[in-house]
Amino acid sequence: VNAGLNYLHDTTTEESVGAEFTQDTFDASLSARYLVTRRFSLNATYNFTTVATSAGFSDYYGTASSWEQSTRFELGPRIFFGIRPLRLADSVYYYQLRSPYQLLMNDTSEVKLHFLDYWRVIKLRVGLIALAFLLIMITAGCDDLFPPAQYLSKVTMEVKPDNSGTHQRHLSGAAVVVVSILSCPDAVSRSSRKTKSSTQSSRNSKLQEVWSKGRTTPLPLQNVYRSCWG
Amino acid sequence: METVLVYRLGRASVLSWNTRFGFEESASPTQERQVLRTGVNFSQASALDLT
C-alpha cells in the first residue's frame, strides 16, 4: 500500500513581456498492489489532482487564475520484467472525472490586454524603437541633403500686335513666329531631341509662309531664321 | 537543490519526504522557470502468511 502527497509550485517568467505565470499542483494518491505471483500483480490506484493556475501582469491589475480538479482511478493487472512493472493493459478499469472551473476577474475567461500591457512592451523595446526611428530619420535626412539633380526652366513670351496690317491673321502669325523662335534648331536640340522631323519641317514651312507674305517666291529658310533672330 | 529524507517506521513501513527546488527547462528561451517540488510518501508492505 502506498500513499503520497505531492505539491508542485511552478513559476514561469516571460521576460519579453514581463509576465509571470504560476501553477500550483496538489496531488494525492493512494495505491494498492496485490502480488499474485512473482511476476504478476493486480493494481488499484486512486489519484486526486488539483491544479491552480494564475497568469497575468500582477503588478497593476491583479492576476487571472483558474483551477481544475481531476480524479483518476485505475485498476488493472501488471506483469514484471526486471525491475520496472509493465502494464498488461492500460487501465483496465479507468475512471476519470474532471471538473474545470474558471475563476477570473470580471467573470471572463480571457486575459484582456490593457493599455499598460502595450506600454510595458514599448518600455521593454524602447531601444529597438529608437534605433528604427533614428534609421528612418537618417535616411530621410540623406535623401533631403543629397537629392537627384533637378532643373527648372522658365520662358516669358511677349506677343505684340502687328500694327502694319489690319487682319487678325497677322497677330496670330506673330505669335507663331515667337513660338517658332523657341523652336529654332538650336533651341530644339537643347531642350528636347524627341521632336519629330515632320513637326519641325511643318513649322519651317509655316515660318517661310509667314515671312514670305507678299512675295512671289518664298524666302529661303536661312533668311527666315536670320529674320527671326533679328 | 534536492533533499530526500527517508524514515523507516517499522519492518514494512517507510515514510519519505522529497524536495526539489531549482530551475527547470522552459518552453522557450525567453522564459525562466523556477519549480518547487515537495512530496510525502508512505509505503506499507504486507505479506500473507501462507503457512
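**View 1. Pairing of Leu5(A) with Val40(B) across the two chains in the predicted model.** Leu5(A) has Val40(B) as its bridge partner in E3(B). Ala3(A) is likewise paired with a residue of E3(B), namely Phe42(B). Both pairs involve strand E3 (residues 31-44) of chain B, which runs antiparallel to E1(A) and is joined to E1(A) by 13 bridges.

**View 2. Salt bridge between Arg33(B) and Asp10(A).** The closest N and O atoms of Arg33(B) and Asp10(A) lie 2.7 Å apart. The count of salt bridges between chain A and chain B is one. Strand E1 (residues 2-14) of chain A supplies 13 residues, the largest share of the side of chain A that touches chain B. That side of chain A has six nonpolar, eight polar and three charged residues.

**View 3. Contact between chain A and chain B.** Chain A contributes 17 residues to the contact, and chain B contributes 17 residues. The area buried between chain A and chain B is about 1,500 Å², with 37% of it on carbon and sulfur atoms. Nine residue pairs are in polar contact between chain A and chain B, counting pairs with both residues at pLDDT 80 or more.

**View 4. Hairpin of E2(B) and E3(B).** Six residues lie between E2(B) and E3(B) in this hairpin. Strand E2 (residues 13-24) of chain B runs antiparallel to E3(B), and 12 bridges join E2(B) to E3(B). Within chain B, Gly22(B) stands opposite Val35(B) of E3(B).

Terms used: Residues numbered from 1 in each chain as written. Chains lettered and ligands numbered in written order. Predicted model: local features only at pLDDT ≥ 70, side-chain atom pairs only at ≥ 80, totals over all residues. Heavy atoms only, no water. Contact = heavy atoms within 4.5 Å. Buried area = accessible area lost by both parts, 1.4 Å probe. Salt bridge = Lys/Arg side-chain N within 4 Å of Asp/Glu carboxyl O. Polar contact = N/O pair within 3.5 Å; in protein donor to acceptor, adjacent residues only side chain to side chain. Helix = DSSP H or I, 4+ residues; strand = E, 2+ residues; numbered from the N terminus. Nonpolar A, V, L, I, M, F, W, Y, C, P; charged D, E, K, R; others polar. Pairing = 2+ DSSP bridges.
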